[in-house]
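Subject: A structure for you to look at

Hi there,

Here is the structure I promised to pass on to you. Please open it next to this email and follow along as you read.

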Amino acid sequence: MTKTVLENIVQDTITSKYFSIIIDSTPDISKVDQLTVAIRYILPDGSPVERFLGFLPSVGHKAKDMELAILHFFSELGIDMKNCIGPIYDNSQNMSGIYNGLQCRIKKSSSTAEFVPCSAHSLNLVGTFAAEETSVGNRFFMITQGLYTFFSGSTSRWKILEN
């Protein structure tokens, strides 16, 4: 099923020609780091779609290593990176850096790949900085995190919380 779904997404992407990629480094529940790869494109009827393509095994956090992994992944799928426009990454230096970041490296493969900062990451940063500005906000989130950590560390405590 996975192969068929992926083949359909690839075919839609090739038909649409131009696409955008969304790349983020994400640890899974077992603390294994991986690159999350999603793609956006427009269907022939004009509908925008966003599809998850998969997780790439950890290649580290160096832009060069991520670039090679992404280019290899898209090459294996048969998607031409020269048609990539508007790649979206978080605002970390290894992703957004204009000289050595992933956005700079992907731009070498696609001259139309204009970096777009991820609005979800930007909103998260705004929320984090706002919460840290006041001692009340900071205390609230520290207590909330502590409670979550306490209850999620035990299935019996989690059951008590649910009840």
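Below is what I found in it, starting with the whole chain and then moving to single residues.

Please keep in mind that this is a predicted model.

**The overall picture**

The protein has seven helices and five strands. If you walk along the sequence, these elements come in the order α-β-β-β-α-β-α-α-β-α-α-α. Of the 163 residues in the protein, 33% are buried. The protein exposes about 10,600 Å² of surface, and carbon and sulfur atoms supply 61% of that area. I also looked at contacts between residues at least 6 apart in sequence: 54% of these join residues at least 24 apart.

**Helix H2**

Next, which residues of H2 are buried? They are Ala-63, Met-66, Glu-67, Ala-69, Ile-70, Phe-73, Phe-74 and Leu-77. Looking down the axis of H2, you will see these buried residues fall within an arc of 170°, which means that they line one face of the helix. Ser-75 and Glu-76, on the other side of H2, are exposed.

Setting aside residues up to four places away in sequence, Leu-77 touches Leu-6, Val-10 and Leu-53. Leu-77 and Leu-6 are 71 residues apart along the chain, yet their C-alpha atoms are separated by 8.6 Å.

After H2 comes Gly-78, which has a positive phi, near 85°.

The loop between H2 and strand E4 (88-89) holds Asn-83. Is Asn-83 buried or exposed? Its relative accessible area is 12%, and residues under 20% count as buried, so Asn-83 is buried. Not counting residues up to four places away in sequence, Asn-83 touches Lys-17, Tyr-18, Phe-19 and Ser-110.

**Salt bridges**

Side chains of opposite charge can pair when their charged atoms come close. How many salt bridges are there in this model? The count comes to two.

One joins Arg-40 and Glu-50, with the closest N and O atoms 2.4 Å apart. Arg-40 is in strand E2 (residues 33-42) and Glu-50 is in strand E3 (residues 48-57), 10 residues apart, so try finding both strands on your screen. Both partners are partly exposed: Arg-40 has a relative accessible area of 38%, and Glu-50 has 42%.

The other joins the side chains of Lys-82 and Asp-80, at 3.6 Å from N to O. Here Lys-82 is exposed, with a relative accessible area of 51%, whereas Asp-80 is partly exposed at 37%.

**Two residues in the strands**

Pro-27 lies in strand E1 (residues 19-27) and is exposed, with a relative accessible area of 52%. Leaving out residues up to four places away in sequence, Pro-27 touches Val-32 and Asp-33. Pro-27 and Ser-58 are 31 residues apart in sequence, and the distance between their C-alpha atoms is 9.1 Å.

Gln-34, by contrast, is buried, at 13% relative accessibility. You will find Gln-34 in strand E2. Beyond its neighbours within four places in sequence, Gln-34 is in contact with Asp-24, Ser-25, Thr-26, Asp-28, Phe-55, Leu-56 and Ser-58.

**A patch on the surface**

Last, have a look at the outside of the protein. Which residues form a nonpolar patch on the surface? They are Tyr-148, Trp-158 and Leu-161, and together they have about 310 Å² of accessible area. Leu-161 sits in helix H7 (residues 155-162) and counts as partly exposed, at 45% relative accessibility.

Best wishes

Methods:
Residues numbered from 1 in each chain as written. Predicted model: local features only at pLDDT ≥ 70, side-chain atom pairs only at ≥ 80, totals over all residues. Heavy atoms only, no water. Patch = residues over 30% accessible without salt bridge, like charges linked within 9 Å, V, L, I, M, F, W, Y side chains within 5 Å. Areas by Shrake-Rupley, 256 points an atom, 1.4 Å probe, with all protein chains shown as cover. Salt bridge = Lys/Arg side-chain N within 4 Å of Asp/Glu carboxyl O. Helix = DSSP H or I, 4+ residues; strand = E, 2+ residues; numbered from the N terminus. Buried < 20%, exposed > 50% of the residue type's maximum accessible area, 1.4 Å probe, protein only. Contact = heavy atoms within 4.5 Å. Arc of directions from axis to C-beta.
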